[in-house]
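The sequence and the structure are shown first, and the description follows.

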Amino acid sequence: MRDCPVLRAGPVAGLGDVDDRLTEIRDATVRVAPGCGIAEFSDVYLTITRSIQLHIRTGGFFADDGYLARLDVVFANRYFDALRAWAGGGAPPECWRLLFDLPAGGEVSGLQLAGGGVNAHINLDLAVAVVDTGRELGDADLDTGRRHGDYTNINDIFAEQMDTLLRRLVEPRTGRDEPPEHLSLLGRMMTGIIAIARRHAWDDAVTLWPLPRRSDGWTAKEHHMDAVACWFGRRLLVDLPG
């Protein structure tokens with residue numbers, strides 16, 4: 001799977017490019033390693049990205065559509081950077097390596113694999129992307145204008161898409177149509193967990209904001225975030241009974 005050319009591709013520049021790259025990654029990895037963590041997470045990520053794109057095109061959901069579009073690109077490039085490092089035999093962040101190194105076709109479910117990717121991306125990458133985007137746009141403070149409100153609105157997009165995502169992730173493993181009330185309950189729980197993780201990521205961004213990008217303090221904080229994501233990842237990506 002490391003030989004898939006798309007895993008070694010460089011950064012993307014626009015929100016449409018994020019959609020294209022995620023589609024290519026999902027489709028390429030599904031062909032060579034069906035059910036792998038990269039494919040499962042990329043499919044979930046693509047669904048959320050397309051929903052963000054729809055809200056931006058429609059207007060009225062975010063206070064600053066340009067900010068959200070740029071944040072989405074910077075955020076996605078963190079995932080693509082980790083993939084490129086891993087595919088090239090380098091050293092991606094440890095929380096990403098846990099997911100990438102899992103063999104396809106194992107006993108870890110699609111829901112767990114997707115969750116492992118969400119965990120790494122939010123608990124490690126999101127705070128860095130928020131700070132990098134704000135600095136790139138020249139913001140005087142982390143929460144200039146409606147930044148935090150727009151950031152929080154992404155939680156609503158997860159809530160909108162959660163039942164659809166869970167149906168795709170859960171039903172193939174069980175081999176049956178899950179009762180809607182079961183998926184709804186699980187969806188509310190997953191949406192709440194993601195909202196909590198995203199709140200902590202914002203707090204991490206508050207800590208990172210005053211630190212120089214290449215400082216010892218920044219490096220130490222990023223290592224700590226990776227360690228936290230690893231702690232959760234090792235508990236998510238295990239073979240569960242049944």
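In this predicted model, D101 forms a salt bridge with R2, with the closest N and O atoms 3.4 Å apart. D101 lies in the loop between α4 (94–100) and α5, whereas R2 lies in the segment before α1 (15–32), so the pair ties together parts that are 99 residues apart in sequence. D101 is partly exposed, with a relative accessible area of 34%. R2 is likewise partly exposed, and its relative accessible area is 34%.

**Salt bridges**

Side chains of opposite charge can pair when their charged atoms come close. The structure holds 16 salt bridges, and three of them are described in this report, including the pair of D101 and R2.

A second salt bridge joins the side chains of D125 and R78, at 3.1 Å from N to O. This pair links distant parts of the chain, since D125 belongs to helix α5 and R78 to helix α3 (residues 65–87), 47 residues apart. D125 counts as buried at 1% relative accessibility, and R78 counts as buried at 16% relative accessibility.

D204 is buried, with a relative accessible area of 16%. K221 also counts as buried, at 16% relative accessibility. Salt bridges that share partners also join R2, E94, R97, D101 and R234 into one network.

| Salt bridge | Distance between N and O |
|---|---|
| D101 and R2 | 3.4 Å |
| D125 and R78 | 3.1 Å |

D125 lies in helix α5, which covers residues 110–136. Is D125 buried or exposed? Its relative accessibility is 1%, and D125 therefore counts as buried, the cut-off being under 20% relative accessible area. Not counting residues up to four places away in sequence, D125 touches F75, R78, Y79, W96 and A120.

R21 lies in helix α1 and is buried, with a relative accessible area of 12%. Which residues does R21 touch, not counting residues up to four places away in sequence? They are V6, A9, G10, P11, V12 and F80. For G10, the backbone oxygen lies 2.6 Å from a polar atom of the R21 side chain. The C-alpha atoms of R21 and V6 are 7.6 Å apart in space, and the two residues are 15 residues apart in sequence.

Helix α2 (residues 37–58) has 22 residues. From its first C-alpha to its last, α2 reaches 32 Å, close to the 32 Å expected at 1.5 Å a residue. Of the 22 residues of α2, 17 are buried, so this helix is largely enclosed by the rest of the structure. Just after α2, G59 takes a positive phi of about 80 degrees.

D64 is found in the loop between α2 and α3 and is partly exposed, with a relative accessible area of 30%. Not counting residues up to four places away in sequence, D64 touches R147 and D150. The side chains of D64 and R147 make a polar contact at 2.8 Å. D64 and R146 are 82 residues apart in sequence, and their C-alpha atoms are 7.5 Å apart in space.

**A nonpolar patch on the surface**

Which residues form a nonpolar patch on the surface? W231, F232 and L236 do so, and together they have about 290 Å² of accessible area. F232 is found in helix α8 (residues 216–236) and is partly exposed, with a relative accessible area of 39%.

Technical notes:
Residues are numbered from 1 along each chain as its sequence is written. This is a predicted model: local features need pLDDT of at least 70, side-chain atom pairs count only at pLDDT 80 or more; totals for chains, interfaces and linings use all residues. Side-chain values use heavy atoms; hydrogens and water are left out. Patches are made of residues with over 30% relative accessible area and no salt bridge: like charges are joined within 9 Å, nonpolar side chains (Val, Leu, Ile, Met, Phe, Trp, Tyr) within 5 Å. Accessible areas come from the Shrake-Rupley method with a 1.4 Å probe; for residues, only the protein chains shown count as cover. A salt bridge is a side-chain nitrogen of Lys or Arg within 4 Å of a carboxyl oxygen of Asp or Glu. Helices (H or I, at least four residues) and strands (E, at least two) are DSSP runs, numbered from the N terminus. Buried means under 20% relative accessible area, exposed over 50%, partly exposed in between (1.4 Å probe, protein chains only). The expected span of a helix is 1.5 Å times one less than its number of residues. Contact means heavy atoms within 4.5 Å. A polar contact is a pair of N or O atoms within 3.5 Å; within protein, one must be able to donate a hydrogen and the other to accept it, and residues adjacent in sequence count only if both atoms are side-chain atoms.
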